[in-house]
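Subject: Structure for your review

Dear colleague,

I am handing over the structure we spoke about, together with notes on what was found in it. Please read the notes with the structure open beside them.

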Amino acid sequence: MNAASTTALPSTRGGDRSRLVAVLRGEHAGLLAILVVVAAYFAITSEYFLSSRNVTNLISSMAVLAILATGQLFVIVTGGIDISIAAQIGVLSIVAVDLSQSIAYPLALLLVVLLGAAIGLVNGLMIVLLKISPIITTVAMLQALSGLSLLLTGGQPRRNFSNLYTMLGTDSLLGVPLIGLLAAAVLLIGALLLNRTPLGRYSLAIGSNSEAAYLSGIRVRTVTASTYVLNSVFAALAAIALSSRTGSGLPDLGAGIEITTIAAVFIGGVAWGGGRGSVVGALLGVLLIGVIGNGLDLKGVNSHVQVIITGVLMAVAVALTAMRRGATR
């Protein structure tokens, strides 16, 4: 790597600390303030919002979205996107249920994660070797996996309600749902990877300027493909967690969640086109979407209204990010 490399690689010294500071002021202050106001509103207007049962349900429902947003973050900061997440969850949940009934549970989970990595690798190789756009590549994967799920099941759900299989999605430790602890672990791993490893630094550099990153000695194709593998590994964990929570695997288990995941990442301040983003921001996006959805559910608001609100939040977040980038030029 030549001397020019220093200009292409975003510095991550003290990155974890700076991200936390950014939550309190500057980068994420506005989003945090909105989250606090929204949560306070629902806490005041609904007697059930802060109940232990609702908080537990809220954590469980947001956990899968948090896992997926962490993986999607790495893809988006390189300038890519993955539309196939929902279809991945569908087919991987089916495989997870089937394998769990025929082989040892830990081995079944390992094979599901490896299958997820293989799906991500195919996505990544199609993008970096065949030069197919990320949107077209992942939409094609979505179609292929959706068809495979229907072929495997005939559209009928797979069931596994054994205590061992549903433990991750339904049990808790010291009052905290296990699925929430899994999400916390994924978020921590994501933050460490983004702020403390070459994968994170190189991903941000590629998103900022892929040509400059290449000239600096970064293996752009390898890093880009690796982000899709990581994304699909996290999708496999999400599939296991979601199927464990419902006790089932079916083709449309994750229907629509890819859009919500992408929305959470952009609401969290990730720049359209890549080069900028944080796990903290993605988490705040997940929390805002989760709190709004839960609060509106408690107030009996039509679910279609929630979709509209999510879309508006995403549009506003992207617009504000674009305006901020333009103001700094």
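Val233 is buried in this predicted model, because its relative accessible area is 19% and the cut-off for a buried residue is under 20%. The residue belongs to helix α12, and, once neighbours within four places in sequence are left aside, Val233 is in contact with Val113, Gly116 and Ala117. For Gly116, which stands 117 residues from Val233 along the chain, the separation of the two C-alpha atoms is 5.1 Å.

Within α8 itself, which runs over residues 163-170, the buried residues are Tyr165, Thr166, Leu168 and Gly169. Viewed down the axis of α8, these buried residues fall within an arc of 140 degrees, and they therefore line one face of the helix.

Turning to the aromatic residues, the count comes to three aromatic pairs. In one of them, the rings of Tyr105 and Tyr165 have centres 6.1 Å apart and planes at 75 degrees, so this pair is edge-to-face. Because Tyr105 lies in helix α6 and Tyr165 in helix α8, the pair ties together parts that are 60 residues apart in sequence, and both of these tyrosines are buried. Elsewhere, ring pairs link Tyr41, Phe42 and Phe49 into a cluster.

Helix α6 also holds Leu107, which counts as partly exposed because its relative accessibility is 40%. Together with Leu110, Leu111 and Leu114, Leu107 forms a nonpolar patch on the surface, and the accessible area of these four residues together is about 340 Å².

For the chain as a whole, the secondary structure comes to 15 helices and four strands, and buried residues make up 49% of the 329 residues. Among contacts with a separation of 6 or more, 79% are accounted for by residues 24 or more positions apart. The accessible surface of the chain comes to about 15,200 Å², and 67% of that surface belongs to carbon and sulfur atoms.

Methods: Residues numbered from 1 in each chain as written. Predicted model: local features only at pLDDT ≥ 70, side-chain atom pairs only at ≥ 80, totals over all residues. Heavy atoms only, no water. Buried < 20%, exposed > 50% of the residue type's maximum accessible area, 1.4 Å probe, protein only. Helix = DSSP H or I, 4+ residues; strand = E, 2+ residues; numbered from the N terminus. Arc of directions from axis to C-beta. Contact = heavy atoms within 4.5 Å. Patch = residues over 30% accessible without salt bridge, like charges linked within 9 Å, V, L, I, M, F, W, Y side chains within 5 Å. Areas by Shrake-Rupley, 256 points an atom, 1.4 Å probe, with all protein chains shown as cover. Salt bridge = Lys/Arg side-chain N within 4 Å of Asp/Glu carboxyl O. Phe/Tyr/Trp six-rings, centres within 6.5 Å; stacked < 30°, edge-to-face > 60°.
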